[in-house]
Amino acid sequence: MFKRRVALLVAIAFLMTIIVPGFLSAPTKAIAASKKPIVFKIYWGDSNAEPVDVWKTPIGKKVEQITGVRLQFEFIVGSDEETKAGIMLASGDLPDLINAHNVVNKFIEAGALVPMDNYIAKYGKNIKKWYDTKALKKLKYPKDGHIYYLTPFREESDPLYSFAGFWLPIYVLKENKWPVVRDIDTYFKIVKDAVKKHPTYNGKPTIGFTALTDSWRIYVLMQQPLRLEGYPNDGGWLIDEKTGVVKDSYTMPYAKTYYKILNQMWNEGLLDKEMFSQNYDQYLAKISSGRVVGFYDERWQIQSAIDSLEKQKLYDRIPIAMPVLKKGVKRDKYNVVTMGTGAGISITKKCKDPVAAFKFLDRMAQEDILKLINWGIQGQDYYVKNGKMYKTAQQIQNYMNPDYRKKQGIGGNIWFAFPRPPFDWTYSDKSGKISWDYSDQALEARYKPYEKEVLKAYKIKSFKDLFSPTWNSPYGYGWDIKLPDDLQAIQNQADDLQRRYITKAIMAKPGEYDKIWNEYLSKMKRIPLKKVIDFRQKEIQRRLKEWN
């Protein structure tokens, strides 16, 4: 009799899990009933992101009120992304959610992440609004066809500025009667002339050309030859957009030519003698000092230096990006738009309530939250008039202050990794663009007076008008292809060799450059890069076929 009663109770309990209305799982319902938020631990494995806990900001607190979820953040500290991933997987100590960033494939291959396919089909109302069948197809992991994260749509630059370029300060452009510098030889001539005309600034020597070489950020030095050849940033790979044929940039002939120019400038004293020993902060400090003439970089990496120059009111020293190319190359690809397949936020196998976690991610893609995290709090950060969102002059000033945005919780790298549509799409109620940055009001308001003077001098509406139209990549981003560990090890070997020898070649004494370069090529030939190239080419050709 006792066994029958137990069996009956078990059966009733099972039936209750099926017929109870609503879609929250039992743990989620219990927490919701107690009016306590669900607490999910999340590891933020993006070493680029500033470790700001947005859940402690006014906007983060409102998101918690709306979703009933609180996130407890763990940021990457005292380690690199790959090492930290290895430690987490070896120990099995995983959080509920994870932004695995560049090493998400390690977690996928280890079976540590929950596939989202069925969740998207069953609970992804908001996600399916933004991600159509074609977009979701792009996110399927090639090996098993499952979706493990939802990467946000992205354009490499906003409507106002180019994503990258070779930079020159305003005073130099003005002295040269506002040239649109498209040729690398012209660019370096301008740099040399500027140093000759202005050998010092504020009592310190003028730096002709510097480069960011701190740790992984040295990639901006490695990608310069391919940018000049008219290729986008595909992680050091030269990809034919029609055939999908892949070549490596490690041994491209023009790389030897370009770095030899830098070697000559090094020996002429025009290159920053500390550029291979300085860290990221020191690099930014030099740009912020106003004594650097030229450099190549992506805007997001130098934005704080631009902000610093503005605070100092050194407007004539603020750099402007130029669409510089190798002579004979007609079209630049400094600006790209596509939906990449790089990581977003994943749910781990250790998540206490994966269904509730997914519903939270889907809720984050709903329009009220998108307005909150991109525009701010209504009445504080924007108003609505006649159904249209807008900002007052003071609200614009607040928004353009990075310290205010950080304190309020508007925008930022953390929100960027949640599922969302492109910033230039419009809300369904026609109240405005997804991000205020893409609104008509922003195009006029975000430019400062000194920028408007430069635009007027060039007779353009946007600094992006100096560049070729934004290129829509048919294969996404070449840099976000996930390599198996054995192939990644080969590529790491090639990366290390390249960085070591390019540094050595640039600093070579007169007459030693060719010898060092030939030694570099000889050692690179011993690395079985063809295996990496074949893998990448197969994936690019798959994307071209399936995505288009």
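Which residue forms a salt bridge with K256? I began the notebook with this pair, keeping in mind that the model is predicted, and found that K256 is bridged to D514, with the closest N and O atoms 3.8 Å apart. I then placed the two partners: K256 lies in helix 13 (residues 253–267) and D514 in helix 24 (residues 513–525), so the pair ties together parts that are 258 residues apart in sequence. I looked up the accessibility of each side as well, and K256 counts as partly exposed at 28%, while D514 counts as partly exposed at 32%.

**Entry: other salt bridges**

I took the total next, and the count comes to 29 salt bridges. One of them joins the side chains of K106 and E82, at 3.8 Å from N to O; K106 belongs to helix 5 and E82 to helix 4 (residues 81–91), so this pair ties together parts that are 24 residues apart in sequence. I noted that K106 is buried, with a relative accessible area of 19%, a value that falls under the 20% limit for that class, whereas E82 is partly exposed at 37%.

I then turned to K352 and D96, whose side chains meet in a salt bridge at 3.1 Å, N to O. Here I found both partners in loops, K352 between strand 14 (346–347) and helix 16 (354–364), and D96 between helix 4 and strand 3 (97–99), so the pair ties together parts that are 256 residues apart in sequence. D96 counts as buried, its relative accessibility being 6%.

**Entry: overall form**

Along the principal axes, I read a span of about 100 × 60 × 40 Å for the C-alpha trace.

For burial, I noted that 53% of the 548 residues count as buried. I also looked up the accessible surface, which comes to about 25800 Å², with 54% of it belonging to carbon and sulfur atoms. Among contacts with a separation of 6 or more, 75% are between residues 24 or more positions apart.

**Entry: nonpolar cores**

Which residues have the most contacts inside the largest nonpolar core? I found that this core has 101 residues, and that F166, Y187, Y258 and Y259 are the ones with the most contacts inside it. Helix 23 (residues 485–506) gives the most to this core, with eight residues. A second, separate core has 75 residues, and A85, M88, F107 and Y141 are included in it. As a general remark, nonpolar side chains tend to be buried together in soluble globular proteins.

**Entry: N105**

I came back to helix 5 (residues 104–109), where N105 is found. Is N105 buried or exposed? N105 counts as buried, since its relative accessibility is 9%. Beyond its neighbours within four places in sequence, I found N105 in contact with Y141, K482 and L483, and Y141 is one of the residues of the second core.

I traced an open sheet of four strands in the order 2-1-3-14, with mixed pairing. Strand 2 (69–75) and strand 14 stand at the edges, each with a single partner strand, so one side of each is left without a neighbour in the sheet. I noted that strand 1 (residues 38–44) and strand 3 run parallel and are joined by three bridges. Looking up Y43, I found that its bridge partner in strand 3 is I98.

**Entry: D424**

Where does D424 lie? I located D424 in the loop between helix 20 (413–416) and helix 21 (440–445), and its relative accessible area of 36% makes it partly exposed. With the neighbours within four places in sequence left aside, D424 is in contact with K433 and Y438. I also recorded that the C-alpha atoms of D424 and D158 are separated by 9.1 Å, although the two residues are 266 residues apart along the chain.

Conventions:
Residues are numbered from 1 along each chain as its sequence is written. This is a predicted model: local features need pLDDT of at least 70, side-chain atom pairs count only at pLDDT 80 or more; totals for chains, interfaces and linings use all residues. Side-chain values use heavy atoms; hydrogens and water are left out. Helices (H or I, at least four residues) and strands (E, at least two) are DSSP runs, numbered from the N terminus. Buried means under 20% relative accessible area, exposed over 50%, partly exposed in between (1.4 Å probe, protein chains only). Contact means heavy atoms within 4.5 Å. A nonpolar core is a set of buried Ala, Val, Leu, Ile, Met, Phe, Trp, Tyr and Cys residues joined through side-chain atoms within 4.5 Å. A salt bridge is a side-chain nitrogen of Lys or Arg within 4 Å of a carboxyl oxygen of Asp or Glu. Accessible areas come from the Shrake-Rupley method with a 1.4 Å probe; for residues, only the protein chains shown count as cover. Two strands pair if DSSP finds at least two bridges between them.
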